[in-house]
Amino acid sequence: MFEKADLSVIIPTYNEYENILQLVEIIKDKLPDGLFTEIIIVDDNSPDGTGRLIANYIENALSKVCSGIQHAHENSSNFAINTRESIVRLVRRENKSGLISAILQGIKSSTGKYILVMDADFSHPPETIPLLINELLRDPNSIVVASRYIRGGSIRGWPYKRLLLSRLAAKIAIHGLKLCNIRDPISGFFAFPRHIIENIRFDTYGYKLLLEILVKAQGVRVKEIPYTFIDRKSGESKFDNRVMLDYVHAVWHLYRYGRESKLVTAEEEKRRSVLFLSKAARFYSVGATGLLLNYIVSMMLTKGIISNFWYLQASTIGIILSITSNFFLNKIWTFEDRNFSPRNTLKQYGMFLGLSTVGGVVQLILLYLFVQSGFQYTASLVLAVAAASVSNFLLNKKWTFREKIWG
Ligand SMILES: Nc1nc2c(ncn2[C@@H]2O[C@H](COP(=O)(O)OP(=O)(O)O)[C@@H](O)[C@H]2O)c(=O)[nH]1
Ligand SMILES: [Mg+2]
């Protein structure tokens, strides 16, 4: 089992023999200090032998470490395995199955708390890595994107047609998918904390993983860092008509995803407001039965139908009985709470009693304040009762019956 990394750098490769080793060395040099980093190369059985090259590189590095340890034992002196804290790992796949799936496979086999994705062909300058990581560490719940389309960013070496296509693709994504907080949503160079993708079900294919994350990781903060994209010097681009078609398909798919999830959210919102209102209505109906019960009991106890009580005694009994019946009706009917364990019920009853008392005091204070500030008595009473009963409903919902306020 591998030791868990702080940062996983994912590099997909297909025929990158001339680039990859040099890139790995430079990346190792640029990594911020103090972060244990794994560099994961995902190779799709490249015909030019990229996978073999990396496998040999790892083997050599390992044997150097082992002979270092042996040497250290022989000289019985201290031995530091690596001053820069990083390891290189290789994920081999049988067939060329596309960039997004390669990156996802890399992420799946990675362990880092933070993930950085980049190309292998030096188009994404390793010098930008520390800038991305620093920004991510500053706001660890955001996604940090290296951007060509904000001030300070640019593209060097692409033919006019490719420049145009890229601009067009970015515009389509921004307007079609309403990504208003980003200028380069099709960047392939970005970093993010692992947790933001944990609940995402990825189902597009092609080139642009970032797009899917932006659409599906709802509400995530985005920060762009400018950089200059430099067209590759060695090896060939795998960009072709198929990649373009996949892109159009992915945008369409994500557009429909956005529409459906909005429909679901609207439905859910409607359901919650209905539930909230129906609970409020039940709570107030229960309150009304409490008032009635209070009145009947007080009358019966003072007018001699049951017995002749002093009116304050009668009223106290009426209040206690009505609070108790309110509590049980609210528990069973309003909040549909079926946990009748004595401990839980007693705790809830105590809380309900406490909140009713607080509600009564709040009502008196408000009434006093309203009347003192010149309001008519009846209007003041209605306002004070309304304010106290609303807060009573909300507080009981949240604290006594442990529900969310909304819904
Ligand atoms: N593993 C894997 N890597 C790929 C695949 N397609 C492209 N890549 C890699 O993805 C990165 C971007 O591809 P590249 O050909 O440079 O595309 P361009 O920069 O858009 O012209 C490079 O590191 C490629 O080696 C694929 O199907 N599988
Ligand atoms: Mg490239």
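Q: Why are α7 and α8 called roughly antiparallel?
A: This is a predicted model, and the call rests on an angle. Helix α7 (residues 241-302) and helix α8 (residues 311-334) pack at about 155 degrees. Angles over 145 count as roughly antiparallel. Therefore α7 and α8 are roughly antiparallel to each other. Their axes lie 8 Å apart.

Q: Which hand does the crossing of α7 and α8 have, and what classes of residue make up their contact?
A: The crossing is right-handed. The contact of α7 with α8 has twelve nonpolar, 13 polar and two charged residues.

Q: What makes α9 roughly antiparallel to α10?
A: Again, the angle. The axes of helix α9 (residues 342-372) and helix α10 (residues 377-400) cross at roughly 155 degrees. The cut-off is over 145. So α9 is roughly antiparallel to α10. The two axes come within 8 Å.

Q: What is the hand of the α9 and α10 crossing, and how do the contact residues divide by class?
A: α9 passes α10 in a right-handed crossing. The contact of α9 with α10 divides into 17 nonpolar, nine polar and no charged residues.

Q: Why does Val361 count as exposed?
A: Val361 sits in helix α9. It has 11 C-beta neighbours inside 10 Å. A residue with 12 or fewer is exposed. Val361 therefore counts as exposed.

Q: Which domains are assigned, and what separation do their centres have?
A: The domain assignment gives domain 1 (7-239) and domain 2 (270-400). Their centres, taken over C-alpha atoms, are separated by 61 Å.

Q: Which residues come nearest to ligand 1?
A: Pro12, Ala102, Ala120, Ser237 and Lys238 come nearest, of the 19 residues around the ligand. The elements giving two or more residues to this shell are β1 (7-13), β2 (37-43) and α3 (99-108). By class, the shell around ligand 1 has seven nonpolar, four polar and eight charged residues.

Q: What makes Ala102 buried or exposed?
A: Ala102 has 23 other C-beta atoms within 10 Å. Buried means 20 or more. Ala102 is therefore buried. Its place is in helix α3. The C-alpha atoms of Ala102 and Glu3 are separated by 22 Å and are 99 residues apart along the chain.

Q: Why does Tyr14 count as buried?
A: Tyr14 has 22 C-beta neighbours inside 10 Å. The threshold is 20 or more, so Tyr14 counts as buried. Tyr14 lies in the loop between β1 and α1 (20-30). Tyr14 and Ala102 are 10.0 Å apart, C-alpha to C-alpha, and 88 residues apart in sequence.

Q: What makes the phi of Phe122 worth a remark?
A: Most residues other than glycine have a negative phi. Phe122 is not a glycine, yet has a positive phi of about 70 degrees. Phe122 lies in the loop between β4 (114-117) and α4 (129-138).

Q: How do you know whether Phe122 is buried or exposed?
A: Count the neighbours. Phe122 has 20 other C-beta atoms within 10 Å. Buried requires 20 or more. Phe122 is therefore buried.

Q: Why does Arg402 count as partly exposed?
A: Arg402 has 13 C-beta neighbours inside 10 Å. Exposed takes 12 or fewer, and buried takes 20 or more. The count falls in between, so Arg402 is partly exposed. Arg402 lies in the segment after α10. Arg402 has a positive phi of about 50 degrees although it is not a glycine.

Conventions: Residues are numbered from 1 along each chain as its sequence is written. Chains are lettered from A and ligands numbered from 1 in the order in which they are written. This is a predicted model: local features need pLDDT of at least 70, side-chain atom pairs count only at pLDDT 80 or more; totals for chains, interfaces and linings use all residues. A residue is near a molecule or strand if its C-beta atom, placed from the backbone, lies within 6 Å of it. Helices (H or I, at least four residues) and strands (E, at least two) are DSSP runs, numbered from the N terminus. Ala, Val, Leu, Ile, Met, Phe, Trp, Tyr, Cys and Pro count as nonpolar, Asp, Glu, Lys and Arg as charged, and the others, Gly among them, as polar. Axes are lines fitted to C-alpha atoms, for helices over the stretch in contact, and angles run from 0 to 180 degrees between N-to-C directions. Angles under 35 degrees count as roughly parallel, over 145 as roughly antiparallel, 65 to 115 as roughly perpendicular and the rest as oblique. A crossing is left-handed if the near helix is turned anticlockwise from the far one by less than a right angle, and right-handed if clockwise. Domain bounds come from an automatic or database domain assignment.
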